[in-house]
Amino acid sequence: MNTTVTIIVTIASILLLLLMWGVRTSNKLIRLRNQADNAFAGVGAYLKKRYDLIPNLVAAAQEYMGHEKEVLTKVTALRSEAEKPNLSNEEQIVLGNKMNDALRSFQVAVENYPQLKADTHIMQLQAALNEVEEQLSAARRTYNAAAMKYNNGVQLFPSSIIAGIVGFRPKSYLDAVGAERDNVDVKNLFRR
Amino acid sequence: MDSSINFDAFYNRELLPLLTEADRLRRQTRAKNRGISLKYFVITAVVIAVGFLINRIVYGTWVHDEKANVPLIIMVMAVSGLIFFCRKAIKKNKGSFVGQFKGDIIEKIVHFVDDNLSYDPYKMIPERDFLRSKLFRRKPDSYNGDDFVSGTVGKTYIEFSEVHAKYLIQDQDEDGNSRDRWEKLFDGLIFKADFNKHFNGEYFIFTEKPSRPSRLERLINREEDRLKEKIETEDREFNRQFYVYGTDQVEARYILSASFMRRLLDFKQKTDKKIRLSFIGSAIYVAIPYKRNLFEPRYRSSVVDKEDTAEFYYDLRTVIDIVKELDLNTRIWSKQ
């Protein structure tokens, strides 16, 4: 009789410990997921900040860049697309990357217009754009760091067991844009 | 061109005549101080002799075993006063030589490195800036320094000086008697510059793990943890060599761009010192510890020494070049 009680108590204790560990691990994963989501929201905020700069930039550049209408139209179209409500995270990322490329083309085009480069208003806008780009890069790196922590929790044993049971899925990383990947000084983009 | 070649030419052309003149002053100062020492030595000897003589006249013995020996007490006080005045006179003469040396030689070297910089051998980075930098957990109880350099390098305003900061500790022995003891907080150079990006939070970079107040200390001493959050960057080498703390994860990464982290790694390797950095109120503060006293001329041997003078030059370059090393002149963001 005593042996049976001992076995039951032992099993119950083990189950209780497992349950406590499961709850703890699940809470930790939720915390990490929230941190990653919060970091992603930060990326969204800086994307928005960048989109807000674009109308002014296009308006200021338009009168000088008669032959580069295509570039300006592309930038404006991408901005309008990004303004649409209910965009998924993936769509936001894709649009953000397209905008990176479009702005890069714009900056290259600016090089052909010395008058434009010397315009004070354009210079201010470029400085503001540089700042947002750098902040966006910082937000993107923060998200990737948070996503990595979360993904480690989801994919590494033993917390992966709880992640499987509760249904946590790994998050995708945000690709570094050209400037971050190549570690190029942003200064060179404008003052080559 | 190699800066050492430039310096060699500058040394031979401009500094050598000044150093020769400074050495003449050094020899004169030493001779003057030897004269002062001799004069005070003779006066002290006479005072001692007179003290004993009067004691013998008054009490009939050189030293009376039971009485107060008033003439001897007065004599000891007079000797203490003489030693004090002698040391003061010697220090004043030596200080005058050092001041002149720094005004002539160090100032010349500062202008050689960058003509826009000004030098004051007697000023220092104010204590309020030292405190504002929050580079050290403790507040100093004694703060002094010298060799203040300020001015604009390219587009960046900089200030730095040598700083000696200490704090007081009260020890208690077995009998419960307390005794004061001075502990070093920091000896070296404190550098402050206008940072090229806007930021709102406070950020810290250390090469050694800094001490932080425990929960209990925070509760009892009401000490705030100035370092806030630990920040792990994506650069593994940087994480291995630096400890980063600050208010906001995103803003910290905004300051610590990939290229800035590489530059800091290079700077650390170049200085080979336990540097500390903080980013507070739109400024960057850098603390570079030194064990030796900086920019001080020799006193007992000749100052006409190329190696010593080159050391002044390279010490100055190390700090002034922070602007270049950390690329602080790049102003492509909204802060111009």
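Which residues are exposed on the other side of H6(A)? In this predicted model, the exposed residues there are A:Ile161, A:Gly164 and A:Ile165.

Chain A is built from 8 helices and 0 strands. Reading along its sequence therefore gives the pattern α-α-α-α-α-α-α-α. Of its 192 residues, 31% count as buried. The contacts of chain A can also be sorted by how far apart the partners sit in the sequence. Taking contacts between residues at least 6 apart in sequence, 79% join residues at least 24 apart.

Helix H6 of chain A covers residues 159-166, and A:Ser159, A:Ile162 and A:Ala163 are its buried residues. Why can these three be said to line one face of the helix? Looking down the axis of H6(A), the buried residues fall within an arc of 100 degrees, so they line one face. An α-helix has 3.6 residues a turn, so residues three or four places apart point the same way. The buried residues of H6(A) pack against H1 and against helix H5 (120-155) of chain A, while A:Ile161, A:Gly164 and A:Ile165 are exposed on the other side.

The meeting of H6(A) with H1(A) can be followed residue by residue. Helix H1 of chain A spans residues 2-62, and its axis comes within 9 Å of the axis of H6(A), crossing at roughly 75 degrees. Because angles of 65 to 115 degrees count as roughly perpendicular, H1(A) is roughly perpendicular to H6(A). On the H1(A) side, the residues involved are A:Gly22, A:Thr25, A:Ser26 and A:Leu29. They meet A:Ser159, A:Ile162, A:Ala163 and A:Val166 in H6(A). By class, the residues of this contact divide into 4 nonpolar, 4 polar and no charged.

The stretches on either side of H6(A) have backbone details of their own. A:Pro158 lies in the loop between H5 and H6 of chain A. The peptide bond leading from A:Phe157 to A:Pro158 is cis, with omega near 5 degrees. After the helix comes A:Gly167, whose phi is positive, near 95 degrees.

A:Asn97 counts as partly exposed because it has 13 C-beta neighbours inside 10 Å. From C-alpha to C-alpha, A:Asn97 is 35 Å from A:Thr25, and the two are 72 residues apart in sequence. With 17 other C-beta atoms within 10 Å, A:Gln107 is partly exposed. A:Gln107 and A:Asn130 are 23 residues apart in sequence, and 11 Å separate their C-alpha atoms in space.

Attention now turns to chain B, where the domain assignment gives domain 1 (1-113) and domain 2 (116-336). The centres of these two domains, taken over C-alpha atoms, are 35 Å apart. Their contact takes 21 residues from domain 1 of chain B and 20 residues from domain 2 of chain B. Which helices of chain B each supply at least two residues of the side of domain 1 that touches domain 2? They are helix H1 (3-59) and helix H2 (70-113) of chain B. The largest share of that side, 12 residues, comes from H2(B). Sorted by class, the side of domain 1 of chain B that touches domain 2 has 11 nonpolar, 5 polar and 5 charged residues.

Two loop residues of chain B complete the account. B:Arg222 lies in the loop between helix H4 (215-220) and strand S6 (229-231) of chain B. Although B:Arg222 is not a glycine, its phi is positive, at about 55 degrees. B:Arg222 counts as exposed because it has 8 C-beta neighbours inside 10 Å. B:Asp272 is placed in the loop between helix H7 (258-271) and strand S8 (276-280) of chain B. B:Asp272, which is not a glycine, has a positive phi of about 55 degrees. With 7 other C-beta atoms within 10 Å, B:Asp272 is exposed.

Notes: Residues are numbered from 1 along each chain as its sequence is written. Chains are lettered from A and ligands numbered from 1 in the order in which they are written. This is a predicted model: local features need pLDDT of at least 70, side-chain atom pairs count only at pLDDT 80 or more; totals for chains, interfaces and linings use all residues. Axes are lines fitted to C-alpha atoms, for helices over the stretch in contact, and angles run from 0 to 180 degrees between N-to-C directions. Helices (H or I, at least four residues) and strands (E, at least two) are DSSP runs, numbered from the N terminus. Angles under 35 degrees count as roughly parallel, over 145 as roughly antiparallel, 65 to 115 as roughly perpendicular and the rest as oblique. Two residues are in contact if their C-beta atoms, placed from the backbone, lie within 7 Å. Ala, Val, Leu, Ile, Met, Phe, Trp, Tyr, Cys and Pro count as nonpolar, Asp, Glu, Lys and Arg as charged, and the others, Gly among them, as polar. A residue is buried if 20 or more other C-beta atoms lie within 10 Å of its own, exposed if 12 or fewer, and partly exposed in between; C-beta atoms are placed from the backbone. The arc is that of the directions from the helix axis to the C-beta atoms. Domain bounds come from an automatic or database domain assignment.
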